[in-house]
Amino acid sequence: MPKQAAEASTRPSLANNTKARTRSLVLCALFCAFIAVGAFVKVPVPVVPFTLQFLFTTMAGLLLGPRWGTLSVAAYVALGLIGLPIFASGGGIGYLAQPSFGYLIGFCAGTYLTARIAWATPRPSMKRLLAACFAGLGVVYLIGMVYFYLISNFVIGAPIALGPLVLYCFVLAVPGDIALCFASAALAKRLLPLTSKKQGRA
């Protein structure tokens with residue numbers, strides 16, 4: 001009897017874990033699709049186009065956490081690299097030679113860092129959410145700009161000096177992303193209580 005009772009008591013928890021995992025997979029796939037759509041919502045900015053990808057990659061980290069949030073972004077990058085035209089300028093393995101590909105790598109790292117900071121406490125404050133968003137933004141631009149400089153100067157033979165790099169890859173693009181940080185934090189503050197409960201998070 002004790003053994004049967006123990007087995008019976010574990011069944012609800014296993015069912016709950018399965019449901020939480022299924023929800024996380026669905027949300028992961030959903031955000032992967034959102035990021036793809038965000039790539040085609042463009043604001044014309046010289047050199048590096050401004051898109052809504054940062055909004056959705058940041059929201060993925062805030063709402064799904066480090067594991068599932070980063071997985072959704074990594075899945076998007078992988079699908080683009082195998083040939084699906086879901087990047088801002090197409091897709092395929094040749095995209096690795098695009099100077100702007102570094103921002104996609106930055107999205108993965110930024111999403112993870114954003115999630116780690118935001119999910120360090122069960123009920124993050126607006127201040128913590130904003131800090132998480134800005135930390136992720138900093139990582140995106142750091143990796144993106146370094147990659148852009150290296151590819152431009154040492155791979156494709158289109159050298160760019162540090163001054164123009166900072167102007168076109170940071171100064172002209174970052175104001176919109178700063179606005180998206182505030183939007184992401186505000187949305188997450190409202191949505192986190194819903195998604196965290198569904199994923200089994202306190």
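**Questions on a predicted chain**

Reader: What does the secondary structure of the chain come to?
Author: The model is a predicted one. Its elements, read from the N terminus on, follow the order α-β-β-α-α-α-α-α. In total, the secondary structure comes to six helices and two strands.

Reader: What percentage of the residues of the chain count as buried?
Author: A residue is called buried when its relative accessible area is under 20%. The chain has 202 residues, and the share that counts as buried is 43%.

Reader: How much of the accessible surface of the chain belongs to carbon and sulfur atoms?
Author: The accessible surface of the chain comes to about 10300 Å². The part of this surface that belongs to carbon and sulfur atoms is 72%.

Reader: Is Phe 31 buried or exposed?
Author: Phe 31 lies in helix H1, which covers residues 2-38. The relative accessibility of Phe 31 is 7%. Because the cut-off for burial is under 20%, Phe 31 counts as buried.

Reader: How far apart in space are Phe 31 and Leu 64, C-alpha to C-alpha?
Author: Leaving aside residues up to four places away in sequence, Phe 31 touches several residues, among them Phe 56, Met 59 and Leu 64. In sequence, Phe 31 and Leu 64 are 33 residues apart. In space, their C-alpha to C-alpha separation is 9.4 Å.

Reader: Which residues does Asp 177 touch, not counting residues up to four places away in sequence?
Author: Asp 177 is part of helix H6, residues 174-198. With a relative accessible area of 8%, Asp 177 is buried. Beyond four places in sequence, the residues that Asp 177 touches are Phe 50, Phe 54, Leu 137 and Tyr 141.

Reader: Of what kind is the aromatic pair of Phe 87 and Phe 101, stacked or edge-to-face?
Author: The structure holds 11 aromatic pairs. In the pair of Phe 87 and Phe 101, the ring centres are 6.4 Å apart and the planes stand at 65°. Since planes over 60 degrees apart count as edge-to-face, this pair is edge-to-face.

Reader: Where in the chain are Phe 87 and Phe 101 found?
Author: The two residues are 14 residues apart, and their pair links distant parts of the chain. Phe 87 is buried at 0% relative accessibility, and Phe 101 is buried with a relative accessible area of 4%. Phe 87 is in the loop between helix H2 (53-81) and helix H3 (101-118), whereas Phe 101 is in helix H3.

Reader: Which residues form one aromatic cluster?
Author: Phe 87 and Phe 101 both belong to this cluster.

Methods
Residues numbered from 1 in each chain as written. Predicted model: local features only at pLDDT ≥ 70, side-chain atom pairs only at ≥ 80, totals over all residues. Heavy atoms only, no water. Helix = DSSP H or I, 4+ residues; strand = E, 2+ residues; numbered from the N terminus. Buried < 20%, exposed > 50% of the residue type's maximum accessible area, 1.4 Å probe, protein only. Areas by Shrake-Rupley, 256 points an atom, 1.4 Å probe, with all protein chains shown as cover. Contact = heavy atoms within 4.5 Å. Phe/Tyr/Trp six-rings, centres within 6.5 Å; stacked < 30°, edge-to-face > 60°.
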